[in-house]
Amino acid sequence: MIISARVKEMYPDVLCEHLIDEFYKVDMLIPSLGFVIEVNGETHYNGRGNFNKKSRIKAEVLRKLGYRYISLQVRHNRQNIYANDEKWMRNWIENEIYKFY
């Protein structure tokens, strides 16, 4: 995944495809910050643009476990454009993390 490579450049301790509590597989975990980053494609959303039930429950459980949950909504045809734009990725990640402080 190109996006995880960009995140790893910024946060070398990132764990990709990490299993939390032996049940929830997350796209990325930044242990030093306590952040979970999920790259969510169209299948994670309902027709109104909100999380579907499974994705909503997963996000809620991870928050209850103490993780700061960040979701990057990606349309498959635009994923590589954003992932290859280092400035966009850095700004997006920094803005999302800033929201928690």
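Reply: Let's begin with a word we will need: two residues are in contact when they have heavy atoms within 4.5 Å of each other. With that in hand, take Ile 93: setting aside its neighbours within four places in sequence, Ile 93 is in contact with Val 7, Met 10 and Tyr 11. Please keep in mind that this is a predicted model.

The protein has 4 helices and 4 strands, and from the N terminus on they follow the order α-β-β-β-α-β-α-α. Of its 101 residues, 38% are buried. In soluble globular proteins, nonpolar side chains tend to be buried together. Here, the largest nonpolar core holds 17 residues, and those touching the most other members are Ile 3, Val 7, Tyr 11, Met 28, Ile 30, Ile 37 and Ile 93. At least two residues of this core come from each of helix H1 (2-10), strand S2 (24-30), strand S3 (35-40), strand S4 (68-73) and helix H4 (86-98). H4 gives the largest share, 4 residues. There is also a second, separate core of 9 residues, with Val 36, Phe 51, Ala 59 and Tyr 69 among them.

Among the contacts in the protein with a separation of 6 or more, 54% join residues 24 or more positions apart.

Next, let's visit a lysine. Lys 58 lies in helix H2 (residues 53-64). Its relative accessibility is 16%, so Lys 58 counts as buried, the cut-off being under 20%. What does the side chain of Lys 58 reach? It comes to 2.5 Å from the backbone oxygen of Lys 25. Not counting residues up to four places away in sequence, Lys 58 touches Tyr 24, Lys 25, Val 26 and Glu 38.

Tyr 24 leads us to one more feature. The protein has 1 aromatic pair. This pair is made by Phe 23 and Tyr 24, whose rings are 4.8 Å apart centre to centre, with 90 degrees between the planes, which makes the pair edge-to-face. Are these two partners buried or exposed? Phe 23 is exposed, with a relative accessible area of 62%, whereas Tyr 24 is buried at 16% relative accessibility.

Key. Residues are numbered from 1 along each chain as its sequence is written. This is a predicted model: local features need pLDDT of at least 70, side-chain atom pairs count only at pLDDT 80 or more; totals for chains, interfaces and linings use all residues. Side-chain values use heavy atoms; hydrogens and water are left out. Rings of Phe, Tyr and Trp (its six-membered ring) pair if their centres lie within 6.5 Å; planes under 30 degrees apart count as stacked, over 60 as edge-to-face and the rest as tilted. Buried means under 20% relative accessible area, exposed over 50%, partly exposed in between (1.4 Å probe, protein chains only). A polar contact is a pair of N or O atoms within 3.5 Å; within protein, one must be able to donate a hydrogen and the other to accept it, and residues adjacent in sequence count only if both atoms are side-chain atoms. A nonpolar core is a set of buried Ala, Val, Leu, Ile, Met, Phe, Trp, Tyr and Cys residues joined through side-chain atoms within 4.5 Å.
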